[in-house]
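Keep the structure open while you read.

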Amino acid sequence: MALTSKSNFIIGSKEFAPQSIKPSFDSLASEDSGRTDDGVMHIEWVKPKLRKYEIQMPPCSSAQAYEILSLVQGKDYNITIWDISTNQEQTIHCYTSNSSADCYSGILHDGFWKGISFSAIELGD
């Protein structure tokens, strides 16, 4: 399944349109990396690019909030997302350990939520 928009993402067979996606990248160096006595930095890269996406969803109903959070919270999963570092669609295996949401109204629409956010953090190879 391909993205219909570069600003969307896919988990499983469901495409979502987030309010925002903030990518960040980290690199992982081996324990043997570091600065020697002569002041030279020696780095042995284990993983030169680990992706992390901070995703915020638009306001939605309780059912919609449940749908997305039940797919990600405390799970590892595949996400298809536009990767700015490669300028192409990528499917990465990732996990989410933290998510959050703010209850806007418990009365409107049988519960209305805003500020639903989570991080999709790449597990690596």
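This is a predicted model: local features need pLDDT of at least 70, side-chain atom pairs count only at pLDDT 80 or more; totals for chains, interfaces and linings use all residues.

Q: In what order do the elements of the protein run from the N terminus on?
A: Helices (H or I, at least four residues) and strands (E, at least two) are DSSP runs, numbered from the N terminus. The protein has one helix and 11 strands. Their order is β-β-β-β-β-β-β-α-β-β-β-β.

Q: Why is the protein described as more spread out than a compact globule?
A: The radius of gyration is taken over C-alpha atoms, and the globule rule is 2.2 Å times the number of residues to the power 0.38. For 125 residues that rule gives 14 Å, and the protein is well over this, so it is more spread out than a compact globule, with a radius of gyration of 18 Å.

Q: What does the C-alpha trace span along its principal axes?
A: The trace belongs to a protein of 125 residues, of which 31% count as buried. Buried means under 20% relative accessible area, exposed over 50%, and partly exposed in between (1.4 Å probe, protein chains only). The span is about 65 × 30 × 20 Å.

Q: What share of the contacts with a separation of 6 or more comes from residues 24 or more positions apart?
A: Contact means heavy atoms within 4.5 Å. Among contacts with a separation of 6 or more, residues 24 or more positions apart account for 59%.

Q: Which residues have the most contacts inside the largest nonpolar core?
A: A nonpolar core is a set of buried Ala, Val, Leu, Ile, Met, Phe, Trp, Tyr and Cys residues joined through side-chain atoms within 4.5 Å. The largest one has 18 residues. Elements giving two or more residues to this core include strand E1 (9-11), helix H1 (62-72) and strand E11 (112-122). The residues asked for are Phe-9, Ile-11, Ile-55, Tyr-77, Ile-79, Phe-118 and Ala-120.

Q: Why is the pair of Phe-9 and Phe-16 stacked?
A: Rings of Phe, Tyr and Trp (its six-membered ring) pair if their centres lie within 6.5 Å; planes under 30 degrees apart count as stacked, over 60 as edge-to-face and the rest as tilted. The count comes to two aromatic pairs. The rings of Phe-9 and Phe-16 have their centres 5.4 Å apart, and the pair is stacked because the planes are at 25°.

Q: How do the rings of Phe-9 and Phe-118 pair: stacked or edge-to-face?
A: Phe-9 lies in strand E1 and Phe-118 in strand E11, 109 residues apart. Phe-9 is buried at 0% relative accessible area, and Phe-118 is buried at 2%. The ring centres are 6.1 Å apart with 70° between the planes, which makes the pair edge-to-face.

Q: Which residue lies over the face of Phe-16?
A: Phe-16 belongs to one aromatic cluster with Phe-9 and Phe-118. A charge sits over a ring if NZ of Lys or CZ of Arg is within 6 Å of the ring centre and within 35 degrees of the ring normal. At 5.8 Å from the ring centre of Phe-16 is Lys-14.

Q: Is Leu-3 buried or exposed?
A: Leu-3 is in the segment before E1. Its contacts include Phe-9, Ile-81 and Trp-82. At 15% relative accessibility, Leu-3 counts as buried.

Q: What is phi of Asn-87?
A: Asn-87 is in the loop between E8 and E9. The residue is exposed, with a relative accessible area of 55%. Most residues other than glycine have a negative phi. In Asn-87 the value is positive, near 55°.

Technical notes:
Residues are numbered from 1 along each chain as its sequence is written. Side-chain values use heavy atoms; hydrogens and water are left out. Lists of a residue's contacts leave out its neighbours within four places in sequence.
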